Amino acid sequence: MKFNTLFRTILLITSLLAACGAPTAEPTAASDTSISLTDGLNRTVSLATPAEHVISLAPSNTEILFAIDAGEQVVGRDAASDYPAEALSITDIGDTYAGLNSEIIVSLQPDLVLAAEITPVEYVAELEQLGLTVFWLANPTDLDGLYTNLNIVAQLTGREVEAIALIESLQGRAATVEAALAGVTEKPTVFYELDATDSSAPWTAGGGTFIDLLITKAGGQNAGAVLDGDYAQISIEELLVQNPDVILLGDAAYGVTVESIAARAGWDQLAAVQTGQVFPFDDNLVSRPGPRLIDALEQLVRLLHPDQFN
Amino acid sequence: MRTFLVKRPFFLNACLVALTLLLSVAFGSVFIPPKDLLSALLGQISLDQTNATILYEIRLPHTLLIALTGAALATSGAAYQGLFRNPLADPYLIGVASGAGLGAVLVMARNWPATPLGYYAVPAAAFLGALITVAAVYSIARLGKTVPVTTLILAGVALSSFATALSSFFMLYSENELRRALAWLLGGAALSGWPPVIAMLPYVAVGLSVLLLSGHQLNVLQLGEEPAQQLGLPVERVKVLLIVAASLCAAAAVAFSGMIGFIGLIIPHALRLIWGADHRRLLPLSLLGGASALLLADLLARMLFAPEVLPVGILTALAGVPFFLWLLRRAKAQMYW
């Protein structure tokens, strides 16, 4: 074949193939189902009976499942799920970021896979292709959203009674905090440190995040609220201007101590460092959207307003 | 025995591909007896529901995806090395990888909604990004009707850096998606199942067929562009064709499997050291050799730290480089570029 003809033929075939569309998702057959809910990706997920073999793809989901007494129904959990201690003895199915293991997930024969906002949507599609039922639980934006999520998971696992009791208890604890703070006018500025590898521009939670919400509910003022985005860097200069009253070390699990931050350039000028108002904080409490958010709230109030709440 | 194998490169490489294909399908996190597997593949028995799903919906498509990716990367690497007459050329030289990375990061940063396209938004965007970048590099480097090879490389390097900088920027300011983008950039296969294989197949098939048929043209091009032109080769047209075909292969490979390095660079060199630089032989051998090499790397990536899966890109770098150094030392004949 002459080179010219070959060239033109190839170009033609390539441009024709470019019109090949992406395969569409197969429609699922409708069946008689008693549980039908819409997940965070606007998909309708249906179960004939409450799920007995659940795989949790996020530590927050594992915590929720155990909190509503559905721990026995969990057959697989992701590598980061470490709370409660009973979760550690459940089969590890991989890590969201390093790779979830589809083979093990399929071999566990789950009737429900509970995904979270950290699960990539492509993976949800992949699991569906393998014939599994997946529910994508979106992150709540406030405490009411948390209670809604607890309800949803309870409906999926048949634990409505336990969930109602749990929600009432959580609401009660939140109300106690609110009552304790009634009439308190002074709002200490709080700097929540997520990462300070670069100590001249540490990472913190911006406005509208759950950390921001909890700090506000605990009667404080988030120093990072001036920043845009969920996670943002604040410069040490801005921090010196704001001069937070309290510093919380969310990266305490990575070896950052109260003493080590005084050694950073310029940090010893901060009021919080000078008055000793620097505390380590378990970041898992605020970064996992589960029932332990109320634990975080109570801990925050204890640190910010020790006189009002103990 | 050794002489027998060395004298029959296609036989040896085809055997290697078959072996690695079988191993790749046989090994996984869940143990399925190899005898059952073989019988099931040959159609003699049928496995139970779970094992059948694992074999046909997870392992087979993954194996084929990896084999296609390896073949695409190695062949396009060999073609680029022949085209640019430069031993350091790899499929990512003129912007495929950074363009694909930028496309993927942009989509991940904007958190596309979960429409049917949304699931495939990342590879589609990566593919488009790669092709747009190569097109931009080509049009920058073009001088009238010719494309000087040096200018192409320089433009490619410049635009690659630009695209990388942009994707770093978007990664940092994309809120939560940083880790997902990093995982993609490290070269893990982002998608599984049959749809990515089917989506990738046409582009790789077209690209590979063009490249395999261009062996003779590449041989003539090694003499230099002017001598080749004088010998009757339509040099500019050949260059365009090779760039388009090789970029199609590499873009499809990167879009569906993430960034996997070293296969495109090292496999052609290794094959050249053993069997010489005749492109009519080198290109098909690269196809086979790339497939088996990546299959082997992927197998190791899955088995070393089970149940966690290492990104393949890390393993190809770690394993590929020492192997190549060993080969260099053993090469008695002069290097064939």
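Good morning. A:Asn243 lies in the loop of chain A between helix H8 (236-242) and strand E14 (246-249); here helices (H or I, at least four residues) and strands (E, at least two) are DSSP runs, numbered from the N terminus. The structure is a predicted model, in which local features need pLDDT of at least 70 and side-chain atom pairs count only at pLDDT 80 or more, while totals for chains, interfaces and linings use all residues. Residues are numbered from 1 along each chain as its sequence is written, and chains are lettered from A and ligands numbered from 1 in the order in which they are written.

I stay with A:Asn243 for a moment. Its phi is positive, about 45°, although the residue is not a glycine. A:Asn243 is partly exposed, with 13 other C-beta atoms within 10 Å. On this scale a residue is buried if 20 or more other C-beta atoms lie within 10 Å of its own, exposed if 12 or fewer, and partly exposed in between, with C-beta atoms placed from the backbone.

A:Asn42 also has a positive phi, near 60°, and is not a glycine. It sits in the loop between strand E1 (35-38) and strand E2 (44-47) of chain A. A:Asn42 counts as exposed, because it has 10 C-beta neighbours inside 10 Å. In the loop between strand E4 (74-77) and strand E5 (91-92) of chain A we find A:Pro84, and the peptide bond leading from A:Tyr83 to A:Pro84 is cis, with omega near -5°. As background, most residues other than glycine have a negative phi, and most peptide bonds are trans.

For chain A as a whole, there are 12 helices and 15 strands. Of its 310 residues, 42% are buried.

I turn to chain B and its helix packing. Helix H5 (residues 96-110) and helix H7 of chain B pack at an angle of about 140°, their axes 7 Å apart. Axes are lines fitted to C-alpha atoms, for helices over the stretch in contact, and angles run from 0 to 180 degrees between N-to-C directions. H5(B) and H7(B) are therefore oblique to each other, since angles under 35 degrees count as roughly parallel, over 145 as roughly antiparallel, 65 to 115 as roughly perpendicular and the rest as oblique.

H7 (residues 121-141) of chain B also packs with helix H8 (residues 149-172) of chain B, at about 135° and with axes 9 Å apart. That angle makes H7(B) oblique to H8(B). Among the residues that meet here are B:Ala136 and B:Ile140 in H7(B), and B:Leu152 and B:Leu159 in H8(B); contact requires C-beta atoms, placed from the backbone, to lie within 7 Å.

Finally, which helix of chain B has 23 residues? That is H13 (residues 235-257), which reaches 32 Å from its first C-alpha to its last, close to the 33 Å expected at 1.5 Å a residue. The expected span is 1.5 Å times one less than the number of residues. H13(B) is largely enclosed by the rest of the structure, because 20 of its 23 residues are buried. B:Cys249 belongs to this helix and is buried, with 33 other C-beta atoms within 10 Å. Not counting residues up to four places away in sequence, B:Cys249 touches B:Ala72, B:Thr75, B:Ser76, B:Val204, B:Gly207 and B:Leu208. After H13(B) comes B:Gly258, with a positive phi near 75°.

Technical notes:
Contact = placed C-beta atoms within 7 Å.
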